[in-house]
Amino acid sequence: MLIDCHQHLWPARLIEALRRRDAYPYLRDWTLHLPGEAPYQVDPAAHDVGLRRDRELAEGREQVLLSLSSPLGIEHLPGDDAAELVAIWHESALELPEPYRIWAAAPVADPDPVALAKVLGEDRVAGLQLPATALAEPAGITRMGPLLAEAENANKPVLVHPGPAPACAPDLPSWWPALVPYVAQQHRAWLAWHIAGREQHPRLRIAFVALAGLAPLHHERLAARGGALGPLDPCVYYETSSYGTRAIDALVRVVGVDPIVHGSDRPYAEPTDPGLGAAFTHAMFTANPRHLLTGDMR
C-alpha cells in the first residue's frame with residue numbers, strides 16, 4: 001500500500017472562498033497573493049480533482065493525505081476569518097473521493113479544541129496539521145497544548161508544516177521562501193519539540209515536513225553548544241518532500257530508517273524514490289507511514 005503523507009489540492013469551495021477575500025490570503029483568478037511572497041501564478045490543472053485522482057491511481061497510491069497549505073496563513077487569521085476558512089477546508093476536502101484523506105487544520109490565534117475533537121473523529125481525517133510558526137519555541141508547544149492533546153487523545157498524529165513566510169525583499173528569487181524561512185521554521189519547531197514536546201505529550205506521534213529542515217543533522221553542533229540529541233524518539237517522524245537521495249541518506253545515518261515517511265508536496269514537487277534499496281522503499285512508502293498513521297506494529 002503506497003501512502004503519500006503530504007499533498008495539496010484545493011477543493012472548489014476553498015478556491016471560491018479565497019477569491020471572495022479582499023485581505024491576505026486571496027486569489028485573483030488564479031494568482032495567489034500572500035503577504036510574505038511575490039504573487040504566485042497557480043496552475044489550474046494542479047487543483048483539478050479528476051486529473052489529480054487519475055494520476056494517483058495510475059501511480060498506485062492507495063492513500064494520499066491532503067493538507068491545507070499553512071503558508072497561506074489561514075490558521076493564523078483572527079477569529080471568524082480562520083474558523084470560516086478552516087471549516088470550508090474540512091467540509092469540502094472530506095467530500096473528495098478515494099484515495100484522498102485529509103489532515104485537519106485548526107486556528108492557532110484562537111484555538112478551539114472542542115471543534116477539533118469533532119473533526120478528528122471523522123474516519124477520513126488522518127490527523128492534525130499545525131504550522132511550524134505556531135510551534136516555534138517551547139512556549140508555543142504549551143500554547144498549542146490543547147490542540148496537541150486532542151490529537152493525542154484521538155490516537156492520531158500531528159504533521160508540522162511550514163507556515164507563512166515573513167515579507168522579503170522584492171528582488172529575491174522565487175525559491176527564497178522555500179529555502180530560507182520554511183526550512184528555518186521546521187528546524188526551529190523540531191528543536192522546540194525536542195526541548196518540550198515529548199514531556200508534555202508522551203504518546204503523540206508527530207511528523208515534520210521536509211525532514212524537519214534537516215535539524216537532526218546538526219546534532220554535533222547541538223552537543224558542542226551544551227545540548228544533546230539523546231535517545232531516538234520512536235514517535236517522531238521525518239517526511240521527505242522536496243528532498244532526494246543525499247539528504248535522506250544523511251538523515252538515516254542519524255535517526256535510522258524507521259522514522260522516514262514519504263511525502264511528495266505535490267503539486268509543488270513530485271514523488272521520488274531515493275533508490276536506497278527495495279527494503280527501504282517499502283519502509284518509506286508503506287510500513288513507516290502506516291505506523292505514523294495508526295501506531296500499529298510495522
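The crossing of helices α4 and α6 is right-handed, the term applying where the near helix is turned clockwise from the far one by less than a right angle, and left-handed where it is turned anticlockwise. The model is predicted: local features need pLDDT of at least 70, side-chain atom pairs count only at pLDDT 80 or more, and totals for chains, interfaces and linings use all residues. Residues are numbered from 1 along each chain as its sequence is written, and side-chain values use heavy atoms, with hydrogens and water left out. Helices (H or I, at least four residues) and strands (E, at least two) are DSSP runs numbered from the N terminus.

**Helix pairs**

- The axes of α4 (residues 113-120) and α6 (residues 145-153) come within 9 Å and cross at roughly 25 degrees; axes are lines fitted to C-alpha atoms, for helices over the stretch in contact, and angles run from 0 to 180 degrees between N-to-C directions.
- Helices α4 and α6 are therefore roughly parallel to each other, where angles under 35 degrees count as roughly parallel, over 145 as roughly antiparallel, 65 to 115 as roughly perpendicular and the rest as oblique.
- On the α4 side the contact (heavy atoms within 4.5 Å) involves P113, L116, A117 and L120, which meet P146, L147, E150 and A151 of α6.
- By class, the contact of α4 with α6 comprises 7 nonpolar, no polar and 1 charged residues; Ala, Val, Leu, Ile, Met, Phe, Trp, Tyr, Cys and Pro count as nonpolar, Asp, Glu, Lys and Arg as charged, and the others, Gly among them, as polar.
- Helix α1 (residues 12-20) and helix α3 (residues 79-93) have axes that come within 9 Å and cross at roughly 160 degrees, which makes α1 roughly antiparallel to α3.
- From α1, R13, L14, A17 and R20 make this contact, and from α3, E84, L85, I88, W89, E91 and S92.
- The contact of α1 with α3 divides into 5 nonpolar, 1 polar and 4 charged residues.

**Nonpolar cores**

- In soluble globular proteins, nonpolar side chains tend to be buried together.
- The largest nonpolar core has 68 residues, and L128, F208, Y238 and I260 have the most contacts inside it; such a core is a set of buried Ala, Val, Leu, Ile, Met, Phe, Trp, Tyr and Cys residues joined through side-chain atoms within 4.5 Å.
- Residues up to four places away in sequence not being counted, L128 touches W103, A104, A105, A106, L116, L120, L147, A151, P157, V158 and L159.

**Buried residues in helices**

- W193 is found in helix α8 (residues 181-200) and is buried, with a relative accessible area of 4%; buried means under 20% relative accessible area, exposed over 50%, and partly exposed in between (1.4 Å probe, protein chains only).
- Not counting residues up to four places away in sequence, W193 touches I141, L148, R198, H201, L204, I206, F208, D233 and V236.
- W193 and L135 lie 58 residues apart in sequence and 7.8 Å apart in space, C-alpha to C-alpha.
- E56, in helix α2 (residues 49-58), counts as buried at 0% relative accessibility.
- With neighbours within four places in sequence left aside, E56 is in contact with Q7, R61, V64, P99, Y100 and R266.

**Cis peptide bonds**

- The bond from Y24 to P25 is cis, with omega near -10 degrees, and P25 is placed in the loop between α1 and β2 (26-28).
- A cis peptide bond also joins E98 and P99, with omega about 15 degrees; P99 is placed in the loop between α3 and β6 (100-104).

**Loop residues**

- S242 is not a glycine, yet has a positive phi of about 75 degrees; S242 lies in the loop between β10 (236-239) and α10 (245-255) and counts as exposed at 56% relative accessibility.
- D265, also not a glycine, has a positive phi of about 70 degrees; D265 lies in the loop between β11 (260-261) and α11 (278-294) and counts as buried at 14% relative accessibility.
- P166, in the loop between β8 (158-161) and α7 (176-179), is exposed, with a relative accessible area of 53%.
- Leaving aside neighbours within four places in sequence, P166 is in contact with G36 and P181.
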